[in-house]
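Hello,

Here is the structure I promised to pass on to you. Please have a look at it first, and then read on for what turned up in it.

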Amino acid sequence: MFSIQERSESPDTGAAEPGDPHVLEVGELTVRYGDFTAVNNVGFTVGRGEIFGLLGRNGAGKTSTIAAVAGLLQPAAGHVRVLGRQLEPGRRGGAWLGGALSLQPQKTSLFPRLQVEETLRMWASLYPDPRPVPALIDELGLTDKARTRAARLSGGQQQRLLLATALVGNTPLVVLDEPTTGLDPHASRDAWAVINRARAGGTTFLLSTHAMAEAEERCDRLAILHEGRLRTSGTPAQIVRSLTRGSTVTVRSSQEGLLRAARAEFGTDAVRAEPGDGGGAPRFTVATERPERAVAWCEERSPEADVRLHRPTLEDAFLAATGTAPAGTGTAPAATGTGAAAADDAPAAAGGARAGGGSTR
Ligand SMILES: Nc1ncnc2c1ncn2[C@@H]1O[C@H](COP(=O)(O)OP(=O)(O)OP(=O)(O)O)[C@@H](O)[C@H]1O
C-alpha cells in the first residue's frame with residue numbers, strides 16, 4: 001500500500017499518439033530504495049479496456065511498480081507511458097493530476113471526519129471530468145452511509161469508499177492496489193461489477209491482488225512478479241498452461257498391485273508414488289490429459305480407493321512461479337516455460353481455455 005501525498009501541481013497528460021494501442025506501457029522499469037532493488041527491469045503493456053493484474057508474493061514489488069506507474073516515485077531506470085505520453089523524469093503524479101490516471105489511495109489517506117459523500121466530492125474536484133457522486137455511491141452500495149463519516153465506516157465499507165475515490169475521476173486508466181482485500185464475498189462481487197461496468201465503458205485497469213481465484217476469473221492478463229523481476233505474463237489460461245502439468249488424479253488405496261497396474265495403464269512417467277503423509281493408505285498421482293478416464297479406471301479397479309481429480313489453477317501456477325508447489329498439485333517445474341502443459345481435449349477436463357502463448361521468463 002502507498003500514500004498519494006506526493007504529487008505535482010502540473011498536469012502532464014496528453015492524448016494518445018496516433019497508432020498507439022496501449023493505454024499503459026511500462027518498459028525496463030527499475031525501482032530502488034537506497035541500495036535495494038525492489039523492481040528490476042520490468043516491462044509490460046496494458047491495452048485499452050483491459051483489466052491487468054499484478055501478482056506476486058509479499059514484497060515482490062507490486063506496490064512499488066504501481067507507485068512508479070502513478071508517478072508517485074521516481075524510477076531508477078526505465079519508462080512509463082500513459083496514453084502514449086511518457087511521464088517526465090522527476091515529475092511526480094503528473095498524469096494522475098492531469099486526468100489520465102486515477103489511483104486508489106490507502107486507508108490512511110481518508111479524512112476521518114469527512115462523510116462518504118463529502119470525501120467523494122473532494123476527490124471529484126481534482127479531476128476534469130468526474131463521475132456523478134450519488135450514482136457512484138449507489139453503485140458501491142454505500143447509499144445508506146452517504147452521510148456517515150469515514151472513521152465510522154467498517155473496514156470493508158472504507159475499502160469500498162477507497163475504490164470509489166479511484167473511480168470518481170472517470171479517468172481512462174485506473175490503478176488499484178488490492179481493491180478487494182477485506183471485502184466479504186458479496187461486497188467483492190459488487191466491487192467487481194462496478195469495475196466491469198467501468199471497463200465496458202472503456203476504462204482500463206491496472207491492479208494488484210493476492211486473490212488468485214479473482215485474478216483468474218476477472219483479469220484479462222496478468223504478470224507475476226518474483227523478487228522484483230517479471231517471472232511470467234499472459235492470460236490466466238496461458239499462465240496456468242505454461243506452469244502446470246495439466247490435470248492430476250490423486251489415488252489413495254491400500255490395494256496390492258494398483259500402483260503397478262496404473263503404471264502399466266498410464267505409463268511410468270505419468271504415475272508418481274507420493275510420500276506418505278500420515279493419512280493412512282499410500283498415495284500416488286496420475287498426470288493425464290484425460291483425467292475422467294483415469295478416475296473411472298481407478299474406481300473400477302479399486303472401488304474402495306479415495307480418488308480425487310485436481311485441475312490446475314492459477315494458484316498452482318503462482319506457487320510454481322514463486323516458490324515450491326505442494327506435491328500432487330500437477331505443477332510443472334517453473335523453468336519449463338510455455339507449452340509445458342498438455343492440452344485437455346475433453347471439455348469437462350479442461351481447466352480453462354488452453355490458449356497457449358504465455359511468456360515465461
Ligand atoms: N520506502 C521503502 N524503503 C525501503 N524499502 C522499501 C520501501 N518500500 C518498499 N520497500 C521494499 O521493497 C520491496 C517491495 O515492496 P512492495 O511494497 O513493492 O511489495 P509488494 O509486492 O507490494 O508486497 P505486498 O504484497 O506485501 O504488498 C520489499 O522488500 C519492501 O520491503
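**What turned up**

Of the 361 residues in the chain, 43% are buried. Please keep in mind that this is a predicted model. If you take the contacts between residues at least 6 apart in sequence, 72% of them join residues at least 24 apart.

**Around the ligand**

The shell around the ligand consists of Y33, F36, A38, G56, N58, G59, A60, G61, K62, T63 and S64. Two elements, β2 (36-47) and α1 (62-69), each give two or more residues to that shell, and α1 has the largest share with three residues. By class, the shell holds four nonpolar, six polar and one charged residues.

**The sheet beside it**

Both of those elements come up again in an open sheet of four strands, where β2 is a member and α1 is packed on the sheet. The strand order is β2-β1-β4-β5, and the pairing is antiparallel. Which strands stand at the edges? They are β2 and β5 (85-86): each has a single partner strand, so one side of each has no neighbour in the sheet. Strand β4 (residues 77-82) is joined to β5 in the antiparallel sense by two bridges, and R81 has Q86 in β5 as its bridge partner. As for α1, this helix touches β1 (22-33), β2 and β4, and its direction makes about 120 degrees with that of β1.

**Two helices side by side**

Next, have a look at helix α5 (residues 155-167) and helix α6 (residues 185-200), whose axes come within 11 Å and cross at roughly 5 degrees. Angles under 35 degrees count as roughly parallel, so α5 is roughly parallel to α6. On the α5 side the contact is made by G156, R160, L163 and L167, and on the α6 side by A187, A191, V194 and A198. Six nonpolar residues, one polar and one charged make up this contact of α5 with α6. The general rule for an α-helix is 3.6 residues a turn, so residues three or four places apart point the same way.

**Buried and exposed places**

Helix α8 (residues 236-243) is mostly covered, with eight of its eight residues buried. The buried residues in α8 include P236, I239, R241 and L243.

E217, which sits in helix α7 (residues 212-218), is another story. Is E217 buried or exposed? This residue counts as exposed, because E217 has 12 C-beta neighbours inside 10 Å. The C-alpha atom of E217 is separated by 9.5 Å from that of L314, although the two residues are 97 apart along the chain.

**Two backbone angles to check**

Finally, a pair of glutamates for your backbone checks. E28 lies in strand β1 and is a residue other than glycine with a positive phi, near 50 degrees. With 12 C-beta neighbours inside 10 Å, E28 counts as exposed. E178 is found in the loop between β7 (173-177) and α6. Its phi is positive too, about 50 degrees, although E178 is not a glycine. E178 counts as partly exposed, because 19 C-beta neighbours lie inside 10 Å.

Best wishes

Note on methods
Residues are numbered from 1 along each chain as its sequence is written. This is a predicted model: local features need pLDDT of at least 70, side-chain atom pairs count only at pLDDT 80 or more; totals for chains, interfaces and linings use all residues. A residue is buried if 20 or more other C-beta atoms lie within 10 Å of its own, exposed if 12 or fewer, and partly exposed in between; C-beta atoms are placed from the backbone. Two residues are in contact if their C-beta atoms, placed from the backbone, lie within 7 Å. A residue is near a molecule or strand if its C-beta atom, placed from the backbone, lies within 6 Å of it. Ala, Val, Leu, Ile, Met, Phe, Trp, Tyr, Cys and Pro count as nonpolar, Asp, Glu, Lys and Arg as charged, and the others, Gly among them, as polar. Axes are lines fitted to C-alpha atoms, for helices over the stretch in contact, and angles run from 0 to 180 degrees between N-to-C directions. Angles under 35 degrees count as roughly parallel, over 145 as roughly antiparallel, 65 to 115 as roughly perpendicular and the rest as oblique. Two strands pair if DSSP finds at least two bridges between them.
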